[in-house]
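I opened my notebook today to look up a few things in one structure. Here is what I wrote down, entry by entry.

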Amino acid sequence: SWLICEWIMTMCIRFPQVRYLLGRNELKRLKETTLFTMFKVLRYHNLEKDKHWTYNSMAGTIRFYNGSEVLLMELKQNPSDPEMQDLGSLEITGAGIDEAGEITQMAYDIIKTRIGRHMNREYKIKPMLVMASNPMKNFLYRMFYKPWREGKLEEWQAFVPALVQDNPHLDETYIRQLYRISDKQTKQRLLF
């Protein structure tokens with residue numbers, strides 16, 4: 001989550017007028033978790049609210065002093081919109097999806113078509129979609145992890161493995177709590 005927020009913040013500050021999507025399956029969860037992390041990242045870099053950035057909770061946007069913005073988006077596939085046309089005319093520079101294991105492959109495919117459509121040519125920014133997830137046996141496994149493990153990942157793709165122990169800033173108490181998980185599958189997924 002931190003990496004996604006750090007990357008989006010850096011791009012928004014570096015390049016005026018760009019638009020990045022920050023998404024998760026449910027908007028409510030996005031606001032409770034990833035947005036909380038984004039605010040921590042902004043504070044970490046001494047970026048002050050109402051000076052360097054503003055947050056509009058009604059619109060679901062973070063706007064930076066240079067006109068760049070982050071759109072907070074729900075990526076749930078709704079029965080009333082099976083083709084996800086709500087995202088259809090979205091023009092964004094890039095996107096970050098937190099807990100990407102929660103979204104459908106359709107959401108992933110649609111977001112891929114929306115990136116690279118705003119200020120990319122002007123700034124020579126490559127369209128990028130950065131996703132974070134705990135291990136899941138879904139499209140992420142098929143499209144990223146398995147090809148990475150087999151050395152067959154496409155040249156335009158990357159997979160960055162990380163363990164909870166790789167975070168030097170994490171409180172040791174959290175790791176001890178993970179070791180105490182009784183369900184073997186959950187422990188394997190979250191700890192190992």
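**Entry: a threonine to start with**

I began with Thr37, which is buried, with a relative accessible area of 14%. I keep in mind that this is a predicted model. Thr37 sits in helix α3, which covers residues 34-44. Then I asked myself: which residues is Thr37 in contact with, leaving aside its neighbours within four places in sequence? I found Ser1, Trp2 and Cys5.

**Entry: the cysteines**

Cys5 is buried, and its relative accessible area is 0%. How many disulfides does a search of the whole structure find? I noted zero. A disulfide needs two cysteine sulfur atoms within 2.5 Å. For the sulfur of Cys5, the closest cysteine sulfur is in Cys12 and lies 11 Å away, so the two are too far apart for a bond. Looking from the other end, I saw that the sulfur of Cys12 has its closest cysteine sulfur in Cys5, again at 11 Å. Cys12 is also buried, with a relative accessible area of 0%.

Next I turned to charged side chains. Side chains of opposite charge can pair when their charged atoms come close. I counted six salt bridges in the structure.

One of them joins the side chains of Arg19 and Glu69, at 2.9 Å from N to O. Arg19 belongs to strand β1 (residues 19-24) and Glu69 to strand β4 (residues 69-74), so this pair ties together parts that are 50 residues apart in sequence. I checked how open each partner is. Arg19 is partly exposed, at 22% relative accessible area, whereas Glu69 is buried, at 15%.

I also wrote down the salt bridge between the side chains of Arg24 and Glu102, at 2.8 Å from N to O. Where do Arg24 and Glu102 lie? Arg24 is in strand β1, and Glu102 is in the loop between β5 (94-97) and α4 (105-114), so the pair ties together parts that are 78 residues apart in sequence. Arg24 counts as buried, with 6% relative accessibility. Glu102 is partly exposed, and its relative accessible area is 35%.

**Entry: a salt bridge inside one helix**

Then I looked at Glu32 and Arg29, which form a salt bridge with their closest N and O atoms 3.6 Å apart. Both lie in helix α2 (residues 27-32), three residues apart, which means that about one helical turn separates them.

**Entry: an aspartate in a loop**

My last stop was Asp86, in the loop between β4 and β5. Asp86 is exposed, with a relative accessible area of 66%. I also looked up how far Asp86 is from Asn138. They are 52 residues apart in sequence, and in space I noted 23 Å from C-alpha to C-alpha.

Definitions and conventions: Residues are numbered from 1 along each chain as its sequence is written. This is a predicted model: local features need pLDDT of at least 70, side-chain atom pairs count only at pLDDT 80 or more; totals for chains, interfaces and linings use all residues. Side-chain values use heavy atoms; hydrogens and water are left out. Buried means under 20% relative accessible area, exposed over 50%, partly exposed in between (1.4 Å probe, protein chains only). A salt bridge is a side-chain nitrogen of Lys or Arg within 4 Å of a carboxyl oxygen of Asp or Glu. Helices (H or I, at least four residues) and strands (E, at least two) are DSSP runs, numbered from the N terminus. Contact means heavy atoms within 4.5 Å.
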